[in-house]
Amino acid sequence: MARRMVATSSWLLLLIGLALAAGVLQARAQPDSIGFISIDCGLPGTANSVDDATKLSYAPDAAFTDAGSNHNISVEFINPTLATRHLTARSFPDGGGARSCYTLRLPVAGGLKYLLRAEFLYGNYDGLNRPPIFDLYAGVNFWSRVNVSSPDELVRREAILVAPDDFVQVCLVNTGSGTPFISALELRPLKNSLYPQANATQGLVLLGRVNFGADEIVRYPDDPRDRVWPPRVNSAAWDVISTTRKVQNLKDDKFEVPSMVMQTAIVPRNGSNTNSIWFFWDSVPQPNDRTPGYMAIMHFSELQLLSSNAALREFIVSINDDVWSSPRGFRPDYLFSDAIYSTAPLQRSPRYNVSIDSTANSTLPPFINAAEVFSVISTTSAVTDSSDVSAIMDIKANYRLKKNWAGDPCSPKTYAWDGLTCSDAVPPDRPRITSVNISYSGLDGDISSSFANLKAVKNLDLSHNNLTGSIPDSLSQLPSLTVLDLTGNQLSGSIPPGLIKRIQDGSLTLRHDNNPNLCTNDTSSCQPAKAGKSKLAVYIAVPVVLVVVIVSVVALLYYLVPRRKEQGPTTNTVMPQNETPMGHAPAPLPPGDDAYAQAQSSLRLENRRFTYKELEMITNNFQRVLGQGGFGKVYNGFLEDGTQVAVKLRSESSNQGAREFLLEAEILTRIHHRNLVSMIGYCKDGQYMALVYEYMSEGTLHEQIAGNGRNGRCITWWQRLRIALDSAQGTFF
């Protein structure tokens, strides 16, 4: 059953229906205040975990996926240095199919460049002592193979990508070599100017990142992008040089390496009789590319002030004996970060040998501060049309469909959703959903309005389910629909005129057998006389019952309200444990201020207090307006755990001051009733005041009466009577 939102006074909303499905929440989870999405996979409950090193908060993953199960790693693999997020894991023994996915919502509509990182610590969570091998996908594009070789090995996969839509999906694919699992998932937004090698057609997959000369890992907050920079030293071959002074980034820097990373470097060991630095990396074959193409980025900053004109540091960088830098030599600037980097993949090789050699003119040995190596993956696989994705995801959530419906509905074809047929497409075109067959799927309730958003669908088969209610006329507006099969349901009402017209002109075949309550032209249930009598009975009975109910409620209020007043004021507020005892009360407040102080105390204890910046993040800068009243506008928003909320922000024209606002908020804090909407929290941040309510998804009462709600139907007289009764009970309470 869906939730419905009805308009009322400044604080009274009517609650009808149940909570939103968890499948809707997974697609709505939001970044934190710095734009990061951090997920502790397998963490139970609703409380976040906190990383000891970065102090970043990691959310449980239930709001991001609807598959898999939670596990704890074995005690034997727990040690004091292990990050909290690695103590748990989520595994996907079936996941409804070979592919199981996480969905992460982004703060922009597409084109965002981001760093995506997944971490895997097996820890013998299943007691089988068989680490698995499986594939990892970023959306519809292959990312990497995950090969966990031992229970205590931490495997990390990182990529820099450009998002085609306002969400990112990370999918684990079972390859038949063990159950896929994951320990943590992290998304970090990047400026689009960074890492120019990553674009809409190709992504960068990290092979290795090195901080030469350092003695500890550098990441957030020292690196605002939260890249992980592991240290690397080799005392047998290298000496370390360093500085405590800040190393600046160049203007329009393409990588923005943090100063802490650039403050150390390595040089050839003194007395080694060499003016060269050597290191290498090996190619790592992937299932779809046995010899991937690699791009290298090497970072340099002179850390020693060369005061003498005779002091010169100049060097050449070569890879596999091919000069990679300028053959004239490279001279890094003092305390400024610079880089030599690939703009195209290097010539493919099983091993890449790097040599940094001083030129003949150089009087000082070469050095290097840091390096990054990436393989290149194609991101040209076509993703399904975004409007089709939104529609079919809403349908999945509405009916709580499990199946193998995970990831992109159409791509890759190997993992396309059961029951869907999609058109072929060559980028920049996108596949469209052309056929939906979810017969015998246990669907119940009304026919979702989201079906009408599948604009390219030709065949829609909803037969042999338990669908009720009427057939929405909006289905007649699907331009490509040729077959609509509703056989074997519990539909009622008449066939809409739009569909009848389509049937008559031969553009649509409608199958509707075995719907005993459906009114068709060839059944006796459609005779006008009976319908007229039925409507007449309703027209007579409902007003009479409604008048009786209203009179009864008014009489009840008349007799009961005075009695409540005689009982004296009461409060449900629980006082804090450190509240001053009555015998040692502080000096009394000025007249009229006691209620104001009580409201502040109650709010501090019972509800979450939001800052204005948090409201900006929750509402995406107050982008979508739900409505407006005397207090101010109401905005749509999402909390960090994916909960959808309504944020009522006080306008400058409101005549309600801080005292009145806090007193009203305190009342809402104390009131709990099944016919009253719950208040989640409030904001009193300087001049900004707002109330945060749970969200009612089905529009206003006015829209429901006028037939402008999501399902396009007017509510019945009996539903209106029920609303009137519930409203009276809520108001009386």
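**Notes on rings, loops and a sheet**

1. Let's start with Phe451, which counts as buried at 1% relative accessibility. Buried here means under 20% relative accessible area, exposed means over 50%, and partly exposed is in between, with a 1.4 Å probe and protein chains only. You are looking at a predicted model, where local features need pLDDT of at least 70 and side-chain atom pairs count only at pLDDT 80 or more, while totals for chains, interfaces and linings use all residues. Numbering runs from 1 along each chain as its sequence is written, and side-chain values use heavy atoms, leaving out hydrogens and water.

2. On to the aromatic rings. Rings of Phe, Tyr and Trp (its six-membered ring) pair if their centres lie within 6.5 Å; planes under 30 degrees apart are stacked, over 60 edge-to-face, and the rest tilted. That rule gives 28 aromatic pairs. One of them is Phe300 with Phe330, an edge-to-face pair with 5.4 Å from centre to centre and 65° between the planes. Phe300 belongs to strand 20 (residues 294-300) and Phe330 to the loop between strand 22 (322-323) and strand 23 (336-341), so this pair ties together parts that are 30 residues apart in sequence. Helices (H or I, at least four residues) and strands (E, at least two) are DSSP runs, numbered from the N terminus. Phe300 is buried at 0% relative accessibility, and Phe330 is buried at 14%.

3. The ring of Tyr399 pairs with that of Phe451: the centres are 6.3 Å apart and the planes are at 35°, so this one is tilted. Tyr399 lies in helix 3 (residues 386-399) and Phe451 in the loop between strand 28 (444-445) and strand 29 (459-461), so parts 52 residues apart in sequence are tied together. Tyr399 counts as buried too, at 10% relative accessibility. Also worth a look is one aromatic cluster made by Phe120, Tyr122, Tyr125, Phe134 and Phe181.

4. Which rings have an arginine over them? Trp229 has the charged end of Arg209 over its ring, 5.2 Å from the centre, and Arg351 lies over the face of Phe280, 3.9 Å from the ring centre. The test asks for NZ of Lys or CZ of Arg within 6 Å of the ring centre and within 35 degrees of the ring normal.

5. Most residues other than glycine have a negative phi, and most peptide bonds are trans. Tyr220 and Pro221 are joined by a cis peptide bond with omega about 5°, and Pro221 sits in the loop between strand 14 (202-212) and strand 15 (231-232). Ser411 to Pro412 is cis as well, with omega near -20°; find Pro412 in the loop between helix 3 and strand 26 (420-422).

6. Phi also deserves a check. Asp226 has a positive phi near 60°; this residue is in the loop between strand 14 and strand 15 and is buried at 0% relative accessibility. Asn129, not a glycine either, has a positive phi of about 55°. Look for Asn129 in the loop between strand 7 (113-121) and strand 8 (133-138), where it is partly exposed with a relative accessible area of 48%.

7. Helix 3 has 14 residues and spans 20 Å from first C-alpha to last, close to the 20 Å expected at 1.5 Å a residue; the expected span is 1.5 Å times one less than the number of residues. Buried residues in helix 3 include Val389, Ile392, Ile395 and Tyr399.

8. Two strands pair if DSSP finds at least two bridges between them. Strand 27 (residues 433-437) runs parallel to its partner, strand 29, over 3 bridges, and Val436 has Leu460 of strand 29 as its bridge partner.

9. Last, Leu112, in the loop between strand 6 (99-105) and strand 7. Leu112 is buried, with a relative accessible area of 13%. Leu112 and Leu161 are 49 residues apart in sequence, yet 8.3 Å apart in space from C-alpha to C-alpha. Leaving out residues up to four places away in sequence, the contacts of Leu112 (heavy atoms within 4.5 Å) include Leu161, Val162, Pro189 and Asn192.
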